[in-house]
Amino acid sequence: VAPLLICIIDAWNLPSLRYSALNLDQLSSQKCYESSVAEWAYATDINDENEKTKLSLSLDIAKLSKEIWQNVTTTFPLWREFKDPDLVRKFKTITILGSAALPDDQYKKYAQLETDMTKHYSTTKVCSFKYKETCNLSLEPDLIKIMRESRDEEELRHVWTEWHDKSGGPTKQTYKQFVEISNQAAKLNNFKDTGALWLDGYESETFKDDVEELWQTLKPFYQQMHAYVRAKLRNVYGDQFSDDGLIPAHLLGNMWAQAWDNVFPLMTPYPTKASIDVTEQMIQQGYTPLKMFQVSDEFFTSLGLIPMPEEFWKESLIEKPDDREVVCHASAWDFCNKKDFRIKQCTRVTTTDLITVHHEMGHIQYDLLYKDQPYFYRQGANPGFHEAVGDTLALSVITPKHLKEIGLLDKSIPIDDYETSINFLFSMALDKIAFLPFGYLTDKYRWDIYDGTVDESQYNTHWWKLRKEYQGIKPPSERSEANFDAGAKFHVPANVEYLRYFVSTIIQFQFHRSLCIEAGQYDPLDSNKPLHNCDIYRSKAAGSKLAAGLSMGSSKPWPEVMKVITGQEKMDASAIREYFSPLEKWLTAANEKMGEIPGWK
Ligand SMILES: C[C@H](N[C@H](C(=O)O)[C@@H]1CCCN1C(=O)[C@@H](N)CC(=O)O)C(=O)N1CCC[C@H]1C(=O)O
Ligand SMILES: [Zn+2]
């Protein structure tokens, strides 16, 4: 590894040493490419052969990063004292290895446990409610469709219970073992536990407090929306409701109750006015998954951003294959060679999936914008930034104005009136505001497990304690410690940090507001240009402002990137509150009129 050392120093142009053949970036990128190819092969064709190859290559890259880490820290024990902040930053990225810090045998166990849990989640099948002998229903597309469309409470309860029993319960013991090894890895990285390692990615001592403060700021609005939705669902499913103020989790149109936009048709504020669910129109117009990806790519390039490269269109998997098992949960892939970028998505022709396409393409756009940064800086400014790119653009795409622009809303439909904007804002709140407590508690739950506050005897009790406290929901059927309901959500078995999505929900409105000003689409002083009607489509000025920040990757602390994109360094709720302010007033008045008291016991 000696040449590596020299090139590490050289790559960071410390004048003193000779140039070396090996380039750290190249070696790490090469290993990352090989490991990504193996990971992709497995995720798009789950079988023992591909699993073995994936695990072996993942061990290789873990070994390489451990070797670099050991050499760097022994050769430069005082790297923290270096004068050059950029050099210190680079050393820091090398010394935080995550699970790769584990000794080889422990790493193998860790990787195997994570693979087993993700495989179980991705291949779990359940029995149909209507046809008892049909037991081959998958989460995507079958159960997602039933949760979205069925209004049969018993069918919803059956599907919810079957999925949670079968996907989560069996992984509980595996998860317990996984937590122990994960914490060992965190300690080897000088963190007290995995939760602390995850939070370090936000480079702020006060981040946990900042998130709690953001939640407290938005909680009253969430409770107003929760109260309105509860009243409307009680009209439909009356007997499911009691006086505890809680909403049964299976009635919210989503397997995890994390986004409630699918129950919009049960509670449209102004039924005679337009809604933004354009699924019907997409189907009528013969939309295909490929067309959805092309529509998204065209929005990005209309801003002057980078088109998806040729490999992307050739190698991505955008529909669920019918001849093999795949990890259907949508994801975006950077193959570390500056050329190969892909999306894997079991795309269905729905409005929700059109938004997800933009979400995933936002990741690829970020990957493309920072691909010429040094290897260790090819990351998001913080994990929330990576999640916010696609969602920020989708805030423009989903506006009635834009949907008309691309022919998914009929030109004749009036969209500039107050009632249409309330319909639109309510639909957006069912997605974005409903998500906030879920985005927060999914990591609060795991912080409590990783720091030892909760042990496996309380895994399920604690999950429902937080689900009740933050979301005001309850399970539709009896739950016990034989269950592991958190394990029914992809990111828990797949071990993906989740606070990133809470952060993204906040900052995407800050990005949106700034880009809307840049595009001349929004003026705080002009009530005819409210933030929620802004569509930055075709604004090169907005695109270049966004690109200026995103091209920095993780080369600077995220407040500096936030300042480049929005003019301010702080993450704050002013933009999301401004965007939704007409709706918050409307909901408060509607609840008062119904005598619906926000909150729950
Ligand atoms: C559908 C989306 N899939 C994730 C994402 O795109 O973030 C996937 C799986 C986990 C990480 N991931 C990636 O693709 C990363 N490789 C991206 C990157 O870091 O570059 C997802 O999970 N979402 C979207 C909204 C809320 C959340 C949910 O559905 O709960
Ligand atoms: Zn994402």
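The model is predicted, with local features requiring pLDDT of at least 70, side-chain atom pairs counting only at pLDDT 80 or more, and totals for chains, interfaces and linings using all residues. Residues are numbered from 1 along each chain as its sequence is written, chains are lettered from A and ligands numbered from 1 in the order in which they are written, and side-chain values use heavy atoms, leaving out hydrogens and water.

- Because His359 lies in helix H14 (residues 351–369) and Glu387 in helix H15 (residues 383–397), the pair ties together parts that are 28 residues apart in sequence. Helices (H or I, at least four residues) and strands (E, at least two) are DSSP runs, numbered from the N terminus.
- His359 and Glu387 are both buried, where buried means under 20% relative accessible area, exposed over 50% and partly exposed in between (1.4 Å probe, protein chains only).

**Ligand 1**

- An oxygen atom of ligand 1 is 2.8 Å from a polar backbone atom of Ala332.
- An oxygen atom of ligand 1 lies 2.8 Å from an N or O atom in the side chain of Glu360, and an oxygen atom of ligand 1 lies 3.3 Å from an N or O atom in the side chain of His363.
- The protein buries 79% of the 610 Å² that ligand 1 exposes when taken alone; accessible areas come from the Shrake-Rupley method with a 1.4 Å probe, and for residues only the protein chains shown count as cover.

**Lys344**

- Lys344 belongs to strand E3 (residues 341–344) and is buried, with a relative accessible area of 2%.
- The side chain of Lys344 reaches the backbone oxygen of Val327 at 2.6 Å.
- Beyond its neighbours within four places in sequence, Lys344 is in contact (heavy atoms within 4.5 Å) with residues including Trp40, Leu317, Val327 and Trp333.

- Asn495 is placed in the loop between strand E4 (473–474) and helix H19 (499–518), and Asn495 is buried at a relative accessible area of 14%.
- The side chain of Asn495 makes a polar contact with the side chain of Tyr110 (3.0 Å); a polar contact is a pair of N or O atoms within 3.5 Å, and within protein one must be able to donate a hydrogen and the other to accept it, while residues adjacent in sequence count only if both atoms are side-chain atoms.
- Not counting residues up to four places away in sequence, Asn495 touches residues including Phe178, which is among the buried residues of H8.
- The elements that cover the buried residues of H8 include helix H5 (104–123) and helix H17 (418–450).
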